[in-house]
Amino acid sequence: MADAVRFIKISKKDKNGVNKTISLQSLSEITIPYSTGNVRYDILNIIEKPTYFLYEVNNPNLEWADRAEVEYILTGSVGGSYTDPITLTGTYINSSPSTLTPITDPFNFVIPNSIIGDKGEVGGGYSLNTYPQKDIYIYATGSVHFEVESGTVGAITPRVQLLKINKNNTVTTLNNDILLPSILHTDTTLTRSFEVLYNIPSGPSPGEIYYIGLTRQGTSTDIVLSSSFSDTSFLYITSSVSSGLALETIPEPYFSEDFSRALDCQPLLNNAVNNRLSSFHQDIDYSLGMLTPTNFELLISGSALKASIQDSNYTLKRHTNPRYNGSRTTSQKLNEWTAGDTGSFGKQPNVENLDTTIFEFAYGGGTYPEIVGGGAILLSQAINVNGKDDVRIIPTTDEYFDKILQRKFLPTTTPNVTQYTSTSNNTGGAKVIATNLGVPPISNYLIITAAVAAIGTAVNNTTLDISSSLQRVAKNSNGYYVAGATENNITNKISESINNGEEWYITIFNSLTTPVDDPLEPFNSGSDYDYTQPNSDGTYPEPLARNGVYKIVEINAPQKYYIVSPPLPEASFDLGNSDKGCLIWKAIARKDITFDEATFSGVGKGAITTTTTTQTVEENLQYITKTYGTNT
């Protein structure tokens, strides 16, 4: 409201950073250009502030109020017809500005017959004669009718464009994406629809003109094309509704009182206006050069101005830790808080690693008697899930499949197993003991406890001395293991197989008789290989050893020495000679997961996930496996 102005505040520096103090301190009047005309204010008093002047002005007693913001609105009919030959091959011709006939134009911003095209055409546009402080939206819709007047070869691609004439009379193209289907030289008449949307952000300069134009690109030099906008072509311009001052407002504190003492309405109360000064850091002045400070002597004497910096920047942990000391967090496990972890929020996990993979299996089965009490599932593929319908199938032949499998299902973990043919997901608390360990349908060799003489002897905790002649494993009519024919030179055969990359294992039992049947007692010396109890260094014992299973890592063929891992729980025993027995077997190549305390006998198709799976996988497991997997 022009008539409500009592004080006017003017910055000492103008928009270019030039200090205008000399001019501003001697003003006698101020003229403000309102939308309804200029208003002159006589200056009654001048108050100088650090960065601005405050002028107390005389009230001109005007009886009208100034507008704050207007509502830009236009409905106009777009028209115009043109005939042009295409003479520039492959170049868009900026021509044919449309005419604009206003239907609704409350501010008379439409300028008819003013826009000149590149061939002398005259059109109409919308001129912004105010300084917009709000976004303005332009929408044009309709169709263009074309007729090919002449031409022998080639095509024309038309384009409807929104253009702007700047204050310096240059033309700017605002949109380039409203391409219309091409017109062939064989076409006679046809019509193309168009739709243009554009947002003019607040702040354009007054006097800019916007209009709709038609451009063409040709691949021939002799096509003559006539075009005309249809009667149903319109241009709309809208903005938010108008707003203005409904009540008298005071943009500054009420200057006749001491506002700093108005404690009941003081928004700056308890807020710092200026930075606090340090108690020991000094401000270095490099205003006259980068090498030597101008206040060098004051700095040396300790009497320079104190720096505008808080001492707490160098004492509070929230400042010193990230800047100088560094922040550290330690965690024994992923996705789980354990005693001794540091740097966590309470008992929340320090580090979380959520799993996005579903592994599908074809079937499951037992591993008896090679792994007593164990079972395995045969994997068919993996599904990597980024979203409910954003998945990627990873086949078992993928070069990264084994790495992903081993990383996801570490020994001693208890994953979630879902059978597609059953609603139960209970695996009896089964823990993973191995991946990609294919137990064969039948073992290769055996040594029974009842052997009269020792066929094998423990040399120490890692070495077995086993005869090169062993009995083959056979099956009787009931499917139980029995001793078959004796085979010689076994040491050399197994050694050669290991050198070729195949894996061999030995399962040792406290007692092994034929036919092999329950009860079987794996040789593990009780709780020494209880993998639920970690070692002193935090690692877990080899879980297969709990079932009496040891991997044969090397064979010294001449001496018949079998080197096994992990170490044996005892360094002195016999295989045979009424002491212990064993099965020796070669693993088969399979993509599977082996469990302890779960036989998986008769288990059909299903899916397995880790306990740290994402919420997307957990909530959409059935949908994903039915849509992208093998869940039928």
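1. A salt bridge here is a side-chain nitrogen of Lys or Arg within 4 Å of a carboxyl oxygen of Asp or Glu. R472 and E487 form such a pair, with their closest N and O atoms 2.7 Å apart. R472 sits in strand β29 and E487 in strand β30, 15 residues apart, and the pair links distant parts of the chain. Strands (E, at least two residues) and helices (H or I, at least four) are DSSP runs, numbered from the N terminus.

2. On the basis of the work: this is a predicted model, in which local features need pLDDT of at least 70 and side-chain atom pairs count only at pLDDT 80 or more, while totals for chains, interfaces and linings use all residues. Residues are numbered from 1 along each chain as its sequence is written, and side-chain values use heavy atoms, with hydrogens and water left out.

3. Burial is scored by relative accessible area (1.4 Å probe, protein chains only): buried is under 20%, exposed is over 50%, and partly exposed lies in between. By that scale R472 is partly exposed at 32%, whereas E487 is buried at 16%.

4. The whole structure holds 13 salt bridges. One of them joins E29 to R40, with the closest N and O atoms 3.1 Å apart. E29 belongs to strand β2 (residues 29-34) and R40 to strand β3 (residues 37-48), so the bridge ties together parts that are 11 residues apart in sequence. Both ends are partly exposed: E29 has a relative accessible area of 38% and R40 one of 46%. Another bridge is formed by the side chains of D579 and K580 (3.3 Å, N to O). D579 is partly exposed at 26%, but K580 is buried at 9%. Through shared partners, salt bridges join E29, R40 and D42 into one network.

5. The largest nonpolar core has 33 residues, of which Y126, F146, V160, F194 and L235 touch the most other members. Such a core is a set of buried Ala, Val, Leu, Ile, Met, Phe, Trp, Tyr and Cys residues joined through side-chain atoms within 4.5 Å. Strand β12 (136-150) is among the strands that supply at least two residues each, and β12 gives the most, with six. Contact means heavy atoms within 4.5 Å. Leaving aside residues up to four places away in sequence, L235 touches L74, T75, G76, V78, L100, I138, Y139, A140 and I212. A second, separate core of 24 residues includes Y445, A458, I498 and L568.

6. An open sheet of 10 strands runs in the order β30-β29-β26-β35-β31-β32-β33-β28-β27-β34, with antiparallel pairing; two strands pair if DSSP finds at least two bridges between them. Its edge strands are β30 (481-487) and β34 (574-576), each pairing on one side only. Within the sheet, β31 (residues 504-509) and β32 (residues 549-556) pair in the antiparallel sense over four bridges. W504 stands opposite I552 in β32. Helix α5 (residues 490-499) packs on the sheet, its direction making about 100° with that of β32. Axes are lines fitted to C-alpha atoms, for helices over the stretch in contact, and angles run from 0 to 180 degrees between N-to-C directions.

7. L379 lies in strand β22 (residues 374-387) and is buried, with a relative accessible area of 5%. Its C-alpha atom is separated by 6.0 Å from that of A362, 17 residues apart along the chain. Beyond residues up to four places away in sequence, L379 has contacts including F359, F361, F401, K591 and I608.
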